[in-house]
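Here is a short briefing to read alongside the model. Have the structure open and follow the salt bridges as you go.

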Amino acid sequence: MSSQEDNEDFIDCAIFVEPSDYYPPPKPATFESRKLPTGETLQLRLVGHNPLWGHHLWNGAQVVTDYLHDHARDLVMGRNVLELGAGAGLPSLAAAIWGAEHVVLTDYPDEDLVDNMRINVNAAKDVLPHRFPIVVQGYVWGASAEPLLSDLGPGSGGFDTLILADLLFNHSQHAALTLTIRATLKRSESARALVFFTPYTPWKYDKDMAFFDLARDAGFRVTRVVKRVMDKLMFKDDRGDELLRRTVFGYELTWADLDR
């Protein structure tokens with residue numbers, strides 16, 4: 001017998017190894033097709049599942065895309081655009097098509113999320129302007145903004161338009177989001193941070209709205225610009241006020257302290 005067999009304390013570790021089919025297989029990616037108001041169709045890939053909720057095409061992203069189209073002259077054309085928590089990247093891709101000067105697409109630096117953004121950029125190359133400079137980056141809210149700003153030309157001063165679509169349910173990250181907006185939004189009268197969201201958990205609506213108190217304290221003027229009731233619920237089995245769960249609210253943040 002081997003020395004291991006002679007050892008009464010020997011434990012066969014193989015008994016703790018799960019069989020190959022113990023865990024369910026990862027969920028496959030899904031696809032959403034969206035036709036833009038200008039006629040282009042985007043095929044958007046969504047990760048199969050992600051704890052950061054990147055596997056959904058959120059209502060906020062769809063409504064802010066329409067808002068960008070309706071105000072393209074002021075918010076998109078010739079402007080530098082940054083999207084935070086982009087997921088599939090619908091608003092950013094639309095901005096690139098509609099004449100943005102430069103677009104930076106970001107989400108949490110999770111490999112699946114970042115790769116998925118790159119896949120969607122590559123899939124849209126036939127409808128994007130030739131060699132359009134879309135940059136994809138992983139980024140943690142509240143971290144140094146230098147990697148984001150370095151993608152712009154010297155003297156740019158920051159991004160003209162920021163997009164935040166359905167991010168406010170991350171209540172613990174409101175302060176970090178505010179820091180990033182301050183660090184990346186160009187200090188000009190025309191610069192805008194677009195914050196669109198749905199109260200998917202209506203009993204936490206006050207916590208969602210608390211973000212705007214932080215934004216005011218950070219030197220921003222807050223203006224509601226959109227209130228749209230969607231036809232369907234995203235999560236029909238959830239609880240809470242159905243009208244609120246179907247409503248997208250859109251706000252613009254502008255600098256209130258430029259003269260200080």
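A contact here means heavy atoms within 4.5 Å. By that criterion, among contacts between residues at least 6 apart in sequence, 69% join residues at least 24 apart. This is a predicted model, in which local features need pLDDT of at least 70 and side-chain atom pairs count only at pLDDT 80 or more, while totals for chains, interfaces and linings use all residues. Residues are numbered from 1 along each chain as its sequence is written, and side-chain values use heavy atoms, with hydrogens and water left out.

**Overall picture**
- The chain has nine helices and nine strands, taken as DSSP runs (helices H or I, at least four residues; strands E, at least two) numbered from the N terminus.
- Of its 260 residues, 46% count as buried (under 20% relative accessible area; exposed is over 50%, partly exposed in between; 1.4 Å probe, protein chains only).

**Salt bridges within helices**
- The structure holds eight salt bridges, each a side-chain nitrogen of Lys or Arg within 4 Å of a carboxyl oxygen of Asp or Glu.
- In helix α5 (residues 111-123), Asp115 and Arg118 sit three residues apart, about one turn, and their side chains pair at 3.6 Å, N to O.
- Helix α8 (residues 205-217) holds Asp213 and Arg216, also three residues apart, with their closest N and O atoms 3.3 Å apart.

**A link across the chain**
- Arg187 forms a salt bridge with Asp257, at 3.4 Å between the closest N and O atoms.
- This pair links distant parts of the chain, 70 residues apart: Arg187 lies in the loop between α7 (174-184) and β7 (192-197), Asp257 in the segment after β9 (247-255).
- Arg187 is partly exposed at 42% relative accessibility, whereas Asp257 is buried at 9%.
- Arg182 joins Arg187 and Asp257 in a network of salt bridges.
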